[in-house]
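Subject: Structure for you to look at

Hello,

Here is the structure I promised to pass on. Please open it alongside this message, and my notes follow just below.

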Amino acid sequence: MVINETHRHHSTLSIGLPRLVPPGAVITLHSTPIPPSTTLSIPTYTLHHEPQIWGPSASKFDPNRWSPSLITEAQKAAFMPFGVGPRSCIGRNVAEMELAMVVAGVVRGFEFDLRQEGVETREGFLRKMGGCRVGVRRRRGCMSEV
């Protein structure tokens, strides 16, 4: 739940990858026809923070929104941290597995204290986080000495 909410709240890609409407295709978006050769892109950050999909708390970091009893089909469909379809991230499965293992190991072995209010980001093709002051302490008896 925390990893999914982190992907949603702090999307790696702030903009979607552009796609071209193929020749001869008929695409209609909210009753507006999109002509062939038009470049379309789904802004991932915007989609992941859309109140119509995620509710009035869309801008709040809330891992509980991923509880099976709370998550909606619209939210599942809108969640695309690695893209969707045949051109989505080829390394998604490995990235998700590694992320789960690293987060579990780090959280098991250490305690963290956020020492600032919020985190700033810079927008571009990739969202870049600014500095983040965090205190780290080793948990007692949870890890052998390195």
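A word on the elements before the notes: helices (H or I, at least four residues) and strands (E, at least two) are DSSP runs, numbered from the N terminus. This is a predicted model, in which local features need pLDDT of at least 70 and side-chain atom pairs count only at pLDDT 80 or more, while totals for chains, interfaces and linings use all residues. Residues are numbered from 1 along each chain as its sequence is written, and side-chain values use heavy atoms, with hydrogens and water left out.

**Pockets**

Rolling a probe the size of a water molecule over the atoms shows where empty space is left. A pocket here is an open set of points on a 1 Å grid over the protein atoms alone, where a 1.4 Å probe fits, with protein on both sides within 12 Å along at least five of seven lines; its lining residues have an atom within 4 Å of a point. Grid points are joined across faces, edges and corners, and a volume is the space filled by probe spheres set on the points.

The largest pocket holds about 650 Å³ of space. Its lining is made up of 26 residues, with L17, R19, I42, M80 and V84 nearest the centre. Strands β1 (19–20) and β2 each give at least two residues to that lining. By class, the lining has 17 nonpolar, seven polar and two charged residues. In this scheme Ala, Val, Leu, Ile, Met, Phe, Trp, Tyr, Cys and Pro count as nonpolar, Asp, Glu, Lys and Arg as charged, and the others, Gly among them, as polar.

The second largest pocket has a volume of about 440 Å³. Among the residues lining it are V2, H10, F61, F112 and C132. Two or more lining residues come from each of α1 (2–9) and β5 (110–114). This lining divides into eight nonpolar, three polar and no charged residues.

**Histidines of α1**

Both H7 and H9 sit in helix α1. For accessibility, buried means under 20% relative accessible area, exposed over 50%, and partly exposed in between (1.4 Å probe, protein chains only). H7 is buried, at 14%, and H9 is buried as well, at 14%. Leaving aside neighbours within four places in sequence, H7 is in contact with H48, F79, P81, F82 and L99, where contact means heavy atoms within 4.5 Å. As for H9, a polar atom of its side chain lies 2.8 Å from the backbone oxygen of S59.

**Loops**

S31 has a positive phi of about 65° although it is not a glycine, and its place is the loop between β2 (27–29) and β3 (32–34). S37 has a positive phi of about 70°, again without being a glycine, and is found in the loop between β3 and β4 (39–40). Both are exposed, S31 at 67% relative accessible area and S37 at 51%.

G24, in the loop between β1 and β2, is exposed at 69%. The C-alpha atoms of G24 and L13 are separated by 30 Å, with the two residues 11 apart along the chain.

**Cysteines**

The structure holds zero disulfides, a disulfide being a pair of cysteine sulfur atoms within 2.5 Å. C89 is partly exposed at 37% relative accessibility, and C132 is partly exposed, also at 37%.

Best wishes

Technical notes: Polar contact = N/O pair within 3.5 Å; in protein donor to acceptor, adjacent residues only side chain to side chain.
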